[in-house]
Amino acid sequence: MITKFIKRILRRDPMDRHVQTSHSGAPKRISKKAHRIDPHLLSKNAVKVTDTLQQAGYEAFIVGGAVRDLALGISPKDFDVATNATPEQVQKLFRKARLIGRRFQIVHVTFFGKGAPEIIEVSTFRALLENAGEHVAENGRILRDNVWGSQHEDAARRDFSINAMYYDPSSETVLDYHGGMVDMQKKVLRMIGDPAKRYREDPIRMLRAIRFAAKTGFNLDLATSAPIAKLSKLIHDVPSARLFDEILKLLMSGYSWAAVQGLRNAGLHHGLLPLLDHILDNDPDSKEANEFVRVALENTDQRIRSGKSVSAGFLFATLLWPDLLINWKRNIAKGMANIAALHDAMDETIATQSSGMVIQRRFESDMREIWAMQPRFERRVGRYPFRLIESPRFRAGYDFMLLRCTTGEQNSDLGEWWTSFIAADSVGQEALMASAKNNTGNPNSPTKKRRRRKVKSNAPTEDTPN
Ligand code: ATP
Ligand code: MG
């Protein structure tokens with residue numbers, strides 16, 4: 001304690017280079033008894049970071065979503081730290097620390113352990129944009145967000161009251177600048193400051209509002225939700241890569257189905273994914289597509305909540321599948337051969353999507369592989385199944401096919417057959433091949449017959465989508 005105090009006196013003010021101060025608004029100090037954060041849910045590495053910074057005489061807190069999740073009793077997926085040390089000062093204190101970003105400089109402190117390395121993101125208290133204004137005029141955009149400020153200003157720049165709480169692990173105290181704890185109790189998501197102004201500053205905050213509401217089950221405060229309808233179009237001014245990241249976060253939140261409903265209710269879905277446009281507008285022709293997406297998203301949510309991985313390529317392949325089917329069927333009706341029709345439909349689906357939110361290339365190739373594999377599951381003769389099993393993306397294609405079985409778009413017998421085939425030894429596999437053949441002499445027809453009885457839909461049932 002004493003060394004900490006002496007160090008604090010001896011050190012130079014870490015913010016003496018660019019400090020921009022603003023006064024007022026002392027935070028509420030919330031004790032352990034009131035916030036009830038369980039220290040066991042803390043990342044040891046995050047605590048190492050705050051301890052190290054504090055021992056060097058700086059202020060340091062766990063901040064943002066981690067405090068929100070801790071206060072909810074949820075184990076945070078990552079930890080952010082906020083400090084009054086500048087990025088250079090932070091970097092000097094850790095062995096594995098990298099300066100990241102230009103416009104919004106932060107430090108990544110990496111820890112290696114048993115599992116995947118853990119990165120603690122450390123950011124310096126930022127000044128209010130108003131107070132950084134001169135820097136914008138003088139130095140342009142790049143410097144704007146690297147104007148350091150007080151903790152009070154840093155809190156005011158955050159989005160929601162529940163995301164603006166600072167937790168000090170050493171004293172187990174929460175500093176609450178904007179009534180986040182009361183909002184937590186009231187289960188309300190409230191934007192700090194004037195919501196319309198905050199959305200104009202950064203339209204992505206509208207999507208964050210929907211994502212957090214879905215995740216926490218909280219309601220949006222009236223003043224927070226009111227401007228969204230009018231400002232929703234601003235989403236399209238957000239650079240595509242950032243929009244994509246945010247949508248991916250939303251879909252991978254473990255609450256994607258609720259979040260997608262939230263997007264619809266807020267009128268925010270238009271132009272993000274074409275299928276969201278028509279299925280979420282309750283187009284009566286899109287009932288099946290709606291069902292497919294619901295099952296796909298609920299399945300994704302379940303996987304994520306039970307700690308399983310989900311690939312973004314797989315997820316987008318499912319979200320665009322109903323669109324792809326329409327295009328595929330139309331191509332066949334025009335007289336194109338089945339596989340050519342599928343590939344043409346894939347191009348068209350991806351091109352349409354790219355006019356809205358662009359899906360990154362690396363995911364696009366996964367999507368194409370998953371789609372292209374679908375007709376191949378029907379061919380259960382000769383060497384075909386063995387070759388299919390050896391394709392590098394087999395597992396994703398197989399999971400996708402099972403999803404189609406779950407929604408009734410594909411006959412569940414096919415899914416069961418493949419599940420047995422994967423598990424069987426070579427004798428078993430030969431027997432399964434024979435059974436697929438012996439049923440009808442044509443491996444595809446059982447599917448066809450049963451499908452006609454069970455499902456009224458006009459969704460494709462076979463390797464041809466008709
Ligand atoms: P999660 O990590 O669960 O997605 P989070 O709240 O931690 O949620 P991050 O994107 O990790 O979200 O951001 C960390 C914190 O930074 C937020 O809690 C918030 O205080 C602040 N923040 C992030 N993005 C914005 C933004 N667009 N506008 C204002 N503050 C933001
Ligand atoms: Mg976070």
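A polar contact is a pair of N or O atoms within 3.5 Å. The legends below describe close-up views of a predicted model.

**View 1. Polar contacts of ligand 1 with Arg208, Gly65 and Lys249****.** A polar atom in the side chain of Arg208 is 3.1 Å from an oxygen atom of ligand 1. Gly65 contributes a polar backbone atom, which lies 3.1 Å from an oxygen atom of the ligand. In the side chain of Lys249, an N or O atom is placed 3.4 Å from an oxygen atom of ligand 1.

**View 2. The surroundings of ligand 1****.** The ligand is surrounded by 19 residues. The closest of these are Arg68, Asn163, Asp202, Arg205 and Arg211.

**View 3. Packing of helix H14 against helix H18****.** Helix H14 spans residues 240-251 and helix H18 residues 312-333; their axes are 11 Å apart, at an angle of about 85 degrees. H14 is therefore roughly perpendicular to H18. From H14, Phe244, Leu248 and Leu251 meet Ala312, Leu315, Phe316 and Leu319 of H18. The contact comprises seven nonpolar residues, with no polar and no charged ones.

**View 4. Crossing of helices H19 and H20****.** The axes of H19 (residues 338-354) and H20 (residues 361-373) come within 11 Å and cross at roughly 150 degrees. Angles over 145 degrees count as roughly antiparallel, and the two helices are therefore assigned to that class. The crossing of H19 past H20 is right-handed. H19 supplies Leu342, His343, Met346, Asp347, Thr349 and Ile350 to the contact, and H20 supplies Glu364, Met367, Arg368, Trp371 and Ala372. Six of the contact residues are nonpolar, two are polar and three are charged.

Terms used
Residues are numbered from 1 along each chain as its sequence is written. Chains are lettered from A and ligands numbered from 1 in the order in which they are written. This is a predicted model: local features need pLDDT of at least 70, side-chain atom pairs count only at pLDDT 80 or more; totals for chains, interfaces and linings use all residues. Side-chain values use heavy atoms; hydrogens and water are left out. Axes are lines fitted to C-alpha atoms, for helices over the stretch in contact, and angles run from 0 to 180 degrees between N-to-C directions. Helices (H or I, at least four residues) and strands (E, at least two) are DSSP runs, numbered from the N terminus. Angles under 35 degrees count as roughly parallel, over 145 as roughly antiparallel, 65 to 115 as roughly perpendicular and the rest as oblique. A crossing is left-handed if the near helix is turned anticlockwise from the far one by less than a right angle, and right-handed if clockwise. Contact means heavy atoms within 4.5 Å. Ala, Val, Leu, Ile, Met, Phe, Trp, Tyr, Cys and Pro count as nonpolar, Asp, Glu, Lys and Arg as charged, and the others, Gly among them, as polar. A residue is near a molecule or strand if one of its heavy atoms lies within 4 Å of it. A polar contact is a pair of N or O atoms within 3.5 Å; within protein, one must be able to donate a hydrogen and the other to accept it, and residues adjacent in sequence count only if both atoms are side-chain atoms.
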